[in-house]
Amino acid sequence: MLEKNSTLVEGAIKEYYFNHFDLVHIPQNITQREFGYQKINGGMIRHIAIKDNKELHLLLMKETPSDVYCSNAYYSFPSMPMSEKDWQGADLIFDIDAKDLALPCRNDHSISICTECHSTNPGKQIACTKCGSAKSEVVSVACKNCIDESKKEVKKLVRILDEDFGIKDAVEVYFSGNEGFHIRVTNKNYEMLGSQERADLVDYIMFNGAIPETFGIRKQNNFKSTLPEMGELGWRGKVAANLFGSKTKMPKISRQIILDGYTAFQVKLDGMRQTIGARVDPKVTMDIHRIFRLEGSINSKSGLAKTKCDSLDEFDPFLDACLLGEETVDVIANCPVQIKLKNKKYGPYANERKSVPKYAAVYMICKGLASTV
Amino acid sequence: MKRNVLQPGIRDLAKYPFLAEAGEYLRDKGFNLEQLGHPDWAPLVEKAYGRIVVASSGQIYGSDMEQLKELDMEILSFIVAVILLKATGINTLTRRFSLSEARRAEKYLEHDLRQKYDSDFPLKIIQELFSVQVAVESDDFMLSVPNYLQRAVHFHEKEWKLVNRRVANGFVHLTAHETVRLIRTELGQYINSKIQSITLPSIPDTFKARVQDLVSLASKFSDAVVVSSDYPPCVKHAIEVLEKGENLPHSGRFLLATYLLARGQTTDQIAPLFKNAPDYNERITRYQLEHISGSSGKGTKYQCPSCDKLRSENLCFAIPDCDGIINPIQFGKKRGRTNA
């Protein structure tokens, strides 16, 4: 990022941490967590221990980090090298990212920025329309559909956590600050699970690895099949609902399933993953030493804040998480796709000088679609 | 009459002779090691020796319920077997014995769990020995999801994956058979650690011949490994992706590097493979390979990720030849036993 741009972004972030430190979530057992941060154009600085919220506030004001992270794990010695930290447990974390959902809208709000001539082109381009270079960086801007679809995945996950795992109270849902959601579960029973156990847990949540036998279809002798019934607990019930739709259709569809046999049923199960499984990023949940974006901090991919969603349905990230300053600044905007922040539309702009609120300026600068004058 | 769960009967001790109460029972009855060294007890030593021989061949000793007639002998032969193993001092033999005894106890645990009136005692064993609470609901036994996962991840059959279990309200529903199967390894480890923790002053002379026999028995267990030169499908896939100049995710590159390093290739041999990667940088590739191999950085040598992990990362492309392996490193290695 150019220096003049980073000055503006850092200034806006500093102002946010000065005015809104109350929105920064102080994690439980703060002294046992490892903190890390990045500065604009800088590398990751981690293995930091923090004593209390005052010290955290001081760090945010002094360093004005572009991104702040806190471990999901608790350690005896959080500032020591990884092998000496003495792991004591970790919250269960989940990451749902719109970019992993392969949504048809992706191309409509993607912008290719040519790494050679810096011109911007709407959509995912193979070659720059201006200089023909094949090297480009693709960024994605605000999209309501992406957020709505991500919310559906969050709801599936929260329902599984509640109904199947009996975890309800300790589930916190956050907008990630860019294009997805982070879910944190603080539950004593689950905190000691290792990486392998979490991998199996995540396969459950994603409905990965289900075999026909679980649902009553065997390789042979299927005349005695015990297909799942609607209303059964766990995946059997959810699979039944997906297979039959209603009770009246059950006998006919059951006969067909048994007739089609084992392999066809496996294909059916695999096909169901997208609809009934919650599409989380398995790598995040499996990682028991991850430093995870701190709740309430600013995400430098967008300038939006990682924000708690108390009511997921009503939550609008482009309004509720857009918390940087409102005063007008001048930018040269090169944003070929219209964006909507705080219910106001910006763009499309073709290399134009524009006066926009600071939050919109920072948003476009963070995406590489604008520059300060 | 309802049995007091705190005081197992002699029949329970015959089924589960590794319980601390078995030793107490024998002491109370006045048995001691010196006495057992008397030639009159030779049949007991033979029985104990037989118990180890059966275990070492991978079989389960005396699992027929009808044979629990001579209960004292059942308990004593276990104790003498432990003494013989202790005197032999060969860990492989002790481990095999522990596992076989665990599987023997498993049969009784399963049977007792199925008999509702008998299920208190096995549940208590499971809870006290392994701190696992098992709840009972009609015909099901239920473990909390974390308790289940901590044990089931060591199994590699798909049916043990959580997704193939009935899960509701934080509990996994299991049959009696599955419940005891889940704790077999721990039971084996428990028996093994009990044997390890015993200190043996000296053994009667009448035991010594059988100890010698056990030493020569143990020498038979050595594995020979045949290595085939074929790469597993996950590694082939990773190489193909790179050859096509497509992007291989970090986890895929890590698999390739750790696998080839484990197969004895050097960083110089591996580095050129990454040449086609869209973001190839020779210096960074070398640095990372050296880091993974342990020749730079802290010196930690990274291991090849397990099949389970690769499956979760969508990097597994299993073929029938992958059956029974849990890490790509094992692919193509056939385990053969020699009688050297």
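**Two chains, A and B: a quick structural briefing**

In chain B, strands E3(B) and E4 (residues 171–174) pair in the antiparallel sense over three bridges; strands here are DSSP E runs of at least two residues and helices are H or I runs of at least four, numbered from the N terminus, and two strands pair if DSSP finds at least two bridges between them. Heads-up: this is a predicted model, where local features need pLDDT of at least 70, side-chain atom pairs count only at pLDDT 80 or more, and totals for chains, interfaces and linings use all residues. Residues are numbered from 1 along each chain as its sequence is written, while chains are lettered from A and ligands numbered from 1 in the order in which they are written.

**The sheet in chain B**
- E3(B) and E4(B) belong to an open sheet of four strands with antiparallel pairing, in the order E1-E2-E4-E3.
- Strand E1 (135–137) and E3 of chain B sit at the edges with a single partner strand each, so one side of each has no neighbour in the sheet.
- On average, neighbouring strands of this sheet are turned by 35 degrees against each other, direction ignored.
- Looking at the pairing residue by residue, B:Ala168 has B:Phe171 in E4(B) as its bridge partner.
- H8(B) packs on this sheet and touches strand E2 (140–144), E3 and E4 of chain B, and its direction makes about 90 degrees with that of E2(B); axes are lines fitted to C-alpha atoms, for helices over the stretch in contact, and angles run from 0 to 180 degrees between N-to-C directions.

**A helix crossing in chain B**
- Helix H4 (residues 42–56) and helix H6 (residues 91–114) of chain B pack with their axes 8 Å apart, at an angle of about 90 degrees.
- That angle makes H4(B) roughly perpendicular to H6(B), a label that covers 65 to 115 degrees.
- H4(B) brings B:Ile52, B:Val54, B:Ala55 and B:Ser56 to the contact, and H6(B) brings B:Leu93, B:Arg96, B:Phe97, B:Ser100 and B:Glu101; contact calls for C-beta atoms, placed from the backbone, within 7 Å.
- By type, the residues of this contact are five nonpolar, two polar and two charged; Ala, Val, Leu, Ile, Met, Phe, Trp, Tyr, Cys and Pro count as nonpolar, Asp, Glu, Lys and Arg as charged, and the others, Gly among them, as polar.

**Where the chains meet**
- The contact takes 29 residues from chain A and 22 residues from chain B.
- On the chain B side, helix H8 (145–152), strand E3 (166–168) and helix H16 (307–312) each supply at least two residues.
- That side of chain B divides into eight nonpolar, eight charged and six polar residues.

- Chain A has eleven helices and 20 strands, and buried residues make up 42% of its 373 residues (buried: 20 or more other C-beta atoms, placed from the backbone, within 10 Å of the residue's own).
- Chain A is divided into domain 1 (3–100 + 143–204 + 281–372) and domain 2 (209–276), with bounds from an automatic or database domain assignment.
- The centres of these two domains, taken over C-alpha atoms, are 39 Å apart.
- Strand E1 (residues 35–38) of chain A runs antiparallel to strand E2 (residues 44–48), joined by three bridges, and A:Gln38 has A:Met44 as its bridge partner.
- E1(A) and E2(A) form a hairpin with five residues between them, and A:Asn41 in the turn has a positive phi of about 65 degrees.
- E1(A) is also joined by four bridges to strand E3 (residues 67–71), again antiparallel, with A:Tyr37 opposite A:Val68.

Conventions:
Two residues are in contact if their C-beta atoms, placed from the backbone, lie within 7 Å. Angles under 35 degrees count as roughly parallel, over 145 as roughly antiparallel, 65 to 115 as roughly perpendicular and the rest as oblique. A residue is buried if 20 or more other C-beta atoms lie within 10 Å of its own, exposed if 12 or fewer, and partly exposed in between; C-beta atoms are placed from the backbone.
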